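Dear colleague,

Please find the structure below, passed to you for your files.

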Amino acid sequence: MSNTPMAANPLTRAVLEIDEYASGLGWDQPARLFALVDTARLRTQEPALAAQLGLQDEQETSGLTPIEQDEVPADRPLDEFLATIAWPGAVAGCALTVERLMLPPSAEAQVPQGLDEAKLTQWVAGHPERQEVRMTVAVLRDGGRESALRLREKDSATEVLTGSELVPGLAEALSATFED
C-alpha cells in the first residue's frame with residue numbers, strides 16, 4: 001500500500017499494510033482475520049489470484065501477502081473462535097486486527113474486585129482514562145511475531161507503535177492455530 005512505511009522485515013510490512021487497510025475502514029469495526037502467504041509462491045502457484053490481487057507486476061521477491069478471511073463471529077469469544085482454526089500448509093502465517101479499550105497501568109489498582117467479565121468491560125468503558133486501541137497482531141508458522149498498535153486519539157500512520165511483544169497473549173492464541 002502506498003502509505004505503508006517501509007520496514008526491513010516482511011512480517012512488519014504485512015502488519016503495517018493490514019493496519020493501514022483497517023485504518024481506511026474507520027473505527028468501530030469488527031475483528032478481521034488474515035492468512036499470510038508467501039508472495040513469490042502465490043505468484044508462481046496461483047497466478048490468477050496474484051493478478052486479481054494486483055501482485056503480478058511487483059518487483060519484490062520476498063514478502064507476505066495478507067488475504068482477508070471470512071468474518072470473525074461477533075457472538076463468540078475470540079479465544080474460542082481461534083481455537084477452531086487450522087491453516088493449510090500454503091499459509092505461512094496469520095494476522096488479526098481487533099479494537100479494544102485499554103487502561104494505563106496506573107488504573108490497575110482502581111479495578112474493583114469480584115467483577116464478572118461483563119461488569120469489568122462496563123467499568124473499563126466508563127473509566128475516564130480509557131483509550132481505544134486497534135491492535136494488529138501477526139505470527140508466522142516458524143514462530144515469528146509482530147504487532148502494530150494504533151490509538152484512536154493519535155490516529156496517524158506516523159503514530160503506530162510496532163514490536164514483537166506488544167500483545168503476547170493474542171500472539172500466543174494466533175500461534176496455536178498452527179499447532180497440530
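Two strands are said to pair if DSSP finds at least two bridges between them. Strands (E, at least two residues) and helices (H or I, at least four residues) are DSSP runs, numbered from the N terminus.

This is a predicted model, in which local features need pLDDT of at least 70 and side-chain atom pairs count only at pLDDT 80 or more, while totals for chains, interfaces and linings use all residues. Residues are numbered from 1 along each chain as its sequence is written, and side-chain values use heavy atoms, with hydrogens and water left out.

The sheet

Six strands form an open sheet in the order β2-β1-β3-β4-β5-β6, and their pairing is antiparallel. At the edges lie β2 (64–68) and β6 (161–163), each of which pairs on one side only. From one strand to the next, the twist averages 20°; axes here are lines fitted to C-alpha atoms, for helices over the stretch in contact, and angles run from 0 to 180 degrees between N-to-C directions.

Strand β3 (residues 93–102) pairs with β4 (residues 131–140) in the antiparallel sense over 10 bridges, and Leu 96 stands opposite Val 137 in β4. Helix α6 (residues 168–175) packs on the sheet and touches β1 (32–38), β3, β4 and β5 (145–151), contact meaning heavy atoms within 4.5 Å. The direction of α6 makes about 35° with that of β4.

Strand β1 has antiparallel pairing over five bridges with β3 and over five bridges with β2. Phe 34 stands opposite Ala 95 in β3, and Ala 35 stands opposite Ile 67 in β2. Six of the seven residues of β1 are buried, that is, under 20% relative accessible area with a 1.4 Å probe, protein chains only.

The cavity

A cavity is a set of points, on a 1 Å grid over the protein atoms alone, where a 1.4 Å probe fits but cannot get out; lining residues have an atom within 4 Å of a point. Grid points are joined across faces, edges and corners, and a volume is the space filled by probe spheres set on the points. By this rule there is one cavity of 30 Å³ or more, and the largest cavity has a volume of about 60 Å³.

Its lining includes Ala 22, Leu 25, Thr 97, Val 98, Glu 99 and Arg 134. Strand β3 gives the most to this lining, with three residues, and both α1 (10–25) and β3 supply at least two residues each.

Yours sincerely

Conventions
Buried < 20%, exposed > 50% of the residue type's maximum accessible area, 1.4 Å probe, protein only. 1 Å grid on protein atoms, 1.4 Å probe; cavity = no way out; pocket = protein on both sides within 12 Å on 5 of 7 lines; lining within 4 Å.
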